[in-house]
Amino acid sequence: MSGIYIHIPFCERKCIYCDFYSVENLNLIDRFTESLLKEIEIFSIETDFFNDSIFDTIYFGGGTPSLLEPAQIAKILNELSQRFKISSNAEITLETNPGTVDKRKLLEFKNLGVNRISFGVQSFFDDDLKFLGRIHTSEDAFKCINDSFDVGFENVSIDLIFGLPGQTVEKWLENLKFAVSLNVSHISAYNLIVERGTPLHELVSLGKVEIPEDEIQAQLYEKTIDFLENAGYVHYEVSNYAFDGFECRHNLKYWQYENYIGFGPSAHSFWINKRWWNYANLNKYINAIDLGKIPVANFEILDEEKMIEEFIYLGLRSKGINVARFKEKFGFEFVDGDIKDEIKEFERAGYISINGDFIKLTPKGFLLCDEIVLRLISKIKFVMKWES
Ligand code: SF4
């Protein structure tokens, strides 16, 4: 099964830490929607590699997809169902910003078939929200989460950010307590990353804002895992926690190396061994489509070595390396040769666990994720070179 990603490139205001592609000119929403529909049409006419595939996830990300009217989301879903084989029980996610939806809009999204709603809450404290440049208040967040349950959503996710300047463990745990008290089925808890080119990067460079030391970040991360696991959430990816059965099926496709197609400016696609991405520029995107072209900015073909690296990296970040799938995809055993001893050593030290076909990181292992990935990749490379 494959996935479809739709990038909606609009935000009412840019948050200081964000480097996702979006623009603040909301007057372009209608024009963009028409182009997006056309992109889906052109793509489906000019390519056919996906014809035999069934798509069981659709993910509206951004930007702020909830800035679109339900009628516009309806048109997009309709176009997708005309052009692709969409599974009848597809997971359909809509990223939503508190402050951009009311109960009526949420109900309309639900009636269209959206069955997973993901709120960019980031913090339940207004001083944090103000610092981050969010457009909403904590009250907005509580209200829209409760509204989403009221209108019948069962699969409700929230994003939170830790590692804010001056944030104490106690304050962060308060955020998690609020999340748990709301009984949301899925929580993404990211640490604040200072991305180049963002206003936050400038503030940090000028010494006006200080980001907590790595040691504190690690402490906040460990507390998050402990707290959410004790509250009944499964830690199924580095930054993601869900009640059993509520893992984000779409994001799992990225981490389990499955195929997906992306539409909209800056959207990425991946199919077997090819990755391509659209213009991260709304004007270029619209112009290409006006000329009847697929708005692809560039692509890369992945060789086997690169694919193995990504398979290991993405697998370990989430549910684990699926060794049966590894063999099916690459034609040789993952646990073979030199890597066997390395895996045993990590297992003995409590960094990884082996469960059926999956080799996965333990909570302690997640803290050293990058290092473990590099060591496994170096051993796999050794095996590959030795065999060739
Ligand atoms: S609302 Fe989301 S996508 Fe838009 S600027 Fe803020 S973090 Fe980025």
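**Figure 1. The loop between β2 and α2.** G63 is found in the loop between β2 (54-62) and α2 (70-83) of this predicted model. The peptide bond that joins G62 and G63 is cis, with omega about 20°. Most peptide bonds are trans, and most residues other than glycine have a negative phi. P65 lies in the loop between β2 and α2 as well. At 0% relative accessibility, P65 counts as buried, because the cut-off for buried is under 20%. Between P65 and S35 there are 15 Å in space, C-alpha to C-alpha, and 30 residues in sequence.

**Figure 2. The surroundings of the ligand.** Which residues surround the ligand? They are C11, K14, C15, Y17, C18, G62, G63, T64, N97 and R134. By class, this shell holds 4 nonpolar, 4 polar and 2 charged residues. G62 and G63, both listed in the shell, are joined by the cis peptide bond. C11 has a relative accessibility of 12% and counts as buried. C15 is also buried, at 12% relative accessibility. The number of disulfides found in a search of the whole structure is 0.

**Figure 3. The annotated span.** For residues 1-226, an unreviewed UniProt entry lists "domain: Radical SAM core". In the model, 42% of this span is helix and 22% is strand. Its end C-alpha atoms lie 33 Å apart.

Figure 4. By the pairing rule applied here, the count of aromatic pairs comes to 32. One of them is the pair of F311 and F326, which is edge-to-face, with 5.7 Å from centre to centre and 70° between the planes. This pair links distant parts of the chain: F311 belongs to helix α11 (residues 304-317) and F326 to helix α12 (residues 323-330), 15 residues apart. Are the two residues buried or exposed? F311 has a relative accessible area of 5% and is buried. F326 is likewise buried, with a relative accessible area of 0%.

**Figure 5. An aromatic cluster.** Y254, Y257, Y260, F270, F311, F326, F330, F332 and F334 form one aromatic cluster. The cluster includes F311 and F326, the edge-to-face pair of the previous view. Another member, Y257, lies in the loop between α9 (249-255) and β9 (260-263). Y257 has a positive phi of about 65°, although it is not a glycine. With a relative accessible area of 3%, Y257 is buried.

**Figure 6. An asparagine with positive phi.** N183 is found in the loop between α6 (169-181) and β6 (186-191). The phi of N183 is positive, at about 60°, although this residue is not a glycine. What is the exposure of N183? N183 counts as partly exposed at 49% relative accessibility, because this value falls between the cut-offs of 20% and 50%.

**Figure 7. Lysines over aromatic faces.** K171 lies over the face of F125, at 5.1 Å from the ring centre.

How values were computed: Residues numbered from 1 in each chain as written. Predicted model: local features only at pLDDT ≥ 70, side-chain atom pairs only at ≥ 80, totals over all residues. Heavy atoms only, no water. UniProt positions renumbered as here; feature names shortened; annotations may be inferred. Helix = DSSP H or I, 4+ residues; strand = E, 2+ residues; numbered from the N terminus. Phe/Tyr/Trp six-rings, centres within 6.5 Å; stacked < 30°, edge-to-face > 60°. Buried < 20%, exposed > 50% of the residue type's maximum accessible area, 1.4 Å probe, protein only. Lys NZ or Arg CZ within 6 Å of the ring centre and 35° of its normal. Near = heavy atom within 4 Å. Nonpolar A, V, L, I, M, F, W, Y, C, P; charged D, E, K, R; others polar. Disulfide = S-S within 2.5 Å.
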